[in-house]
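Hi,

Here is the model I promised to pass on.

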2 protein chains.
Amino acid sequence: MTSPEVFAARRARLQQSLTRPSVVVAGFARPRNFRANRYPFRAESHFLYLVGKPLEGAVLVIGPDGAVLYAEPPDPAEALWGGPMPSLEALSRELGIEVRPIDALELPGPVALLPPQDRESACWLEERVNRPVDAGGAELEGADAALADAMIALRLRHDGAAVAELREAARVTALAHAAGMRATRPGVRECVVRAAMEAAIIECGMTTSYGSIVTVHGEVLHNERHDGWLAAGDLLLADVGAETRGGWAGDVTRTWPVSGRMSGSQRALYQVVLEAQIAAISAVRPGASFREVHRTASRVLVHGLCDLGVLVGGEEELFERGAAALFFPHGIGHLLGLDVHDMEDLGDRAGYAPGRARSTAPGERYLRLDRELEPGMCVTIEPGYYRIPFILDDPLALGDLASAIDRSVLDRLSDVRGIRIEDDVLVTESGSEVLTASIPKTIPEMEALIGS
Amino acid sequence: MTSPEVFAARRARLQQSLTRPSVVVAGFARPRNFRANRYPFRAESHFLYLVGKPLEGAVLVIGPDGAVLYAEPPDPAEALWGGPMPSLEALSRELGIEVRPIDALELPGPVALLPPQDRESACWLEERVNRPVDAGGAELEGADAALADAMIALRLRHDGAAVAELREAARVTALAHAAGMRATRPGVRECVVRAAMEAAIIECGMTTSYGSIVTVHGEVLHNERHDGWLAAGDLLLADVGAETRGGWAGDVTRTWPVSGRMSGSQRALYQVVLEAQIAAISAVRPGASFREVHRTASRVLVHGLCDLGVLVGGEEELFERGAAALFFPHGIGHLLGLDVHDMEDLGDRAGYAPGRARSTAPGERYLRLDRELEPGMCVTIEPGYYRIPFILDDPLALGDLASAIDRSVLDRLSDVRGIRIEDDVLVTESGSEVLTASIPKTIPEMEALIGS
């Protein structure tokens, strides 16, 4: 567990940037099929960053002069169902912050706030701040925008405690991927592998940091189905991450052969993606532009696809014309922290340096991060190769790149629908460290583990 | 999969009770820590009952003259991420209902509706019906109340397809409990057993129907923590159920010894609870009052606790004075169907027969069902014994029953903190059928499986 001093230090740093009182809510659990049947409560990330404990319905009021936590006092009638709750005094000692009952919350005039993610919390806040609050709204102005920028300044570069949490998320994410490889065999459904991976996470007292993708149809980038059957010739793509009890995310993708042995075409394409990933990771260092990291991977991908004969033409010209995006239409990665897309609740404000905006180019429109990297930032590096009908069979999407694809070669590689290789990479003072380096990634490493 | 004819028949039956157009929404996925990171979508139960497919954002408009489903047409830009979606024409063929694009939704004047469970859907509805919609609101009036009563009339007694789904939920719930018993051993944490149980459910392509309770502190009735350590002398209480892909719930509790062998005191108290459960199940039959089923279990419990010497006095008098509730403060069970507490979104309207209301007596205030049973109803039967400090150490809660407890006997039984035994029971024409009968429940059956 992270010590209370860490959160006190974070709050102290935030206070230095604040000119007016600010409100950071924890939020409420979301109902599932009826009000009393709820999804597990997950507090808003900004609250977790500053307080460290998921206290449903609690509110942190923080300003230049100090911070007070408003929380629900223990309810004796609820103790029968939920067990004993700490008193507010005990909570105050545990968290190292002044705690008052939530009913005593009185906001001192205009406050800054960050919109919470669900409408329940937004409505609750609206009543207290007397102005509209847009659930999940990322269009911020004035003091709200200044608060967001102050939070981004804190959360972009992870402190030691945050890095420790990310390492712990990586450790358990590694257990999940090893369990997934071991559980893989032809003739079972995707959900069997998913079960093994999620069980490894639940066993550690953690949860998944996002909806697991475990699919033989990796060409569907965010495939949420798990009912497909694993056939011996398939590649299985697993994009699964653990979230620590403190709320910090792992985010890793591996792609491995169901049979335990890749075919020649699978090996060839896997190697191309792996080389692109290694090159991109090598490009991660302080001062490097993340857009350039993306372009590094795309360049290696074009080179590899030219080598295989899938693409025909001059490599540099093909790269400049956006040929990589035909097979790799998403960005090379994103910020990682308390959120799997860290601070995406603030739109592109965290991911994009001031003054920058999304490109409209096919290869870069989905790039979620465009900043110069700094020590303490954590990013994912996740190139891929996908055979996506909506792109490869669509004259409009292909444009004049249609003639650059050798269809007969592509057809010979048709036992590859989707490959993604993703690691979590911490920017260090001298370069970078792959937090998820222990997860099998080379073909022999994975083949040794599958079905074992 | 349930055939489209089943849903058509349900809609036809509902239409016969409707006098005005009614709106049944599917709802929206709930955001987790940011808008794009969502909990798995779970459609509103009334929608699932009538349509059978969890179509996010879809709306069924049903009235005396027919039914139309309004749904989101496939979005080519989303196909990259979510894969190909069926056209509305294909959806119409699959579901056997007229389907129109959601943007074409026009409501014909005043409509009846059932409040959805989250505020996102409620706000969406408000804009379309031009009146306030209270998320999760169970205080219904006029046409809304009539629609609720029509749905209750349909859903109280399960049709053949519903029973088939409940059997399937029971089948997978049984796999989970067997896996949990096998995974139990001293020295691991509760989450290790929870992982094994949930993996058994995920492996079948299903999800849990409610937050799993897997705890050595069974005296906390809805304990959501899973971080406790299993010691050899502990009983482990597991309240875990599977939900089918169609949305139907299993809900089963077993309590077993961590070491694989119950102590003498554990055996004695377990046997008392088991006898109460068997007696209550025997009382389940058409025409029986569920309140009487509750009282049957309470009576057996008082009898057993008198036998053990925990309670001292005349059994019938102790029963009438509410002594059972000292150790069994919740109700004997509830309706089971698409919701684990079926139709609890409508408050007590489904659980309580017209004109009846909750009792204030300690033993019966948490009773969720007070109706005469009818063939096709499905209920849980779940008596328990709990050693709850908030009750047993509270002079106010004990009242004049304090003198009925022999503390020295109770102390000798202190290695039991919580036992609950719960099965899913279908009311049949001639009596009842335990849908979850295959799950080990006797002490020898469980002991044979633990740690195996």
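Which helix lies across E13, E16 and E17 of chain B? That is helix H9 of chain B (residues 264-283), and H9(B) runs at about 160° to E13(B). Angles here go from 0 to 180 degrees between N-to-C directions, with axes as lines fitted to C-alpha atoms, for helices over the stretch in contact. Helices (H or I, at least four residues) and strands (E, at least two) are DSSP runs, numbered from the N terminus.

Some housekeeping before the rest. This is a predicted model, where local features need pLDDT of at least 70 and side-chain atom pairs count only at pLDDT 80 or more, while totals for chains, interfaces and linings use all residues. Residues are numbered from 1 along each chain as its sequence is written, and chains are lettered from A and ligands numbered from 1 in the order in which they are written.

Back to chain B. The three strands there form an open sheet in the order E13-E16-E17, with antiparallel pairing; two strands pair if DSSP finds at least two bridges between them. Strands E13 (378-381) and E17 (432-434) of chain B are at the edges with a single partner strand each, so one side of each has no neighbour in the sheet. On average, neighbouring strands of this sheet are turned by 30° against each other, direction ignored. E16(B) (residues 423-427) and E17(B) pair over three bridges in the antiparallel sense, and B:Val427 has B:Ser432 in E17(B) as its bridge partner.

Now chain A. It has 16 helices and 17 strands. Its radius of gyration (over C-alpha atoms) is 24 Å, close to the 22 Å that the globule rule (2.2 Å times the number of residues to the power 0.38) gives for 452 residues, so chain A is as compact as a globular protein of that length. The C-alpha trace of chain A spans about 70 × 50 × 40 Å along its principal axes.

Where they touch, 12 residues of domain 1 of chain A are in contact with 14 residues of domain 2 of chain A, contact being C-beta atoms, placed from the backbone, within 7 Å. On the domain 1 side, helix H2 (45-51) and helix H6 (142-155) of chain A each supply at least two residues.

Cheers

Definitions and conventions. Contact = placed C-beta atoms within 7 Å.
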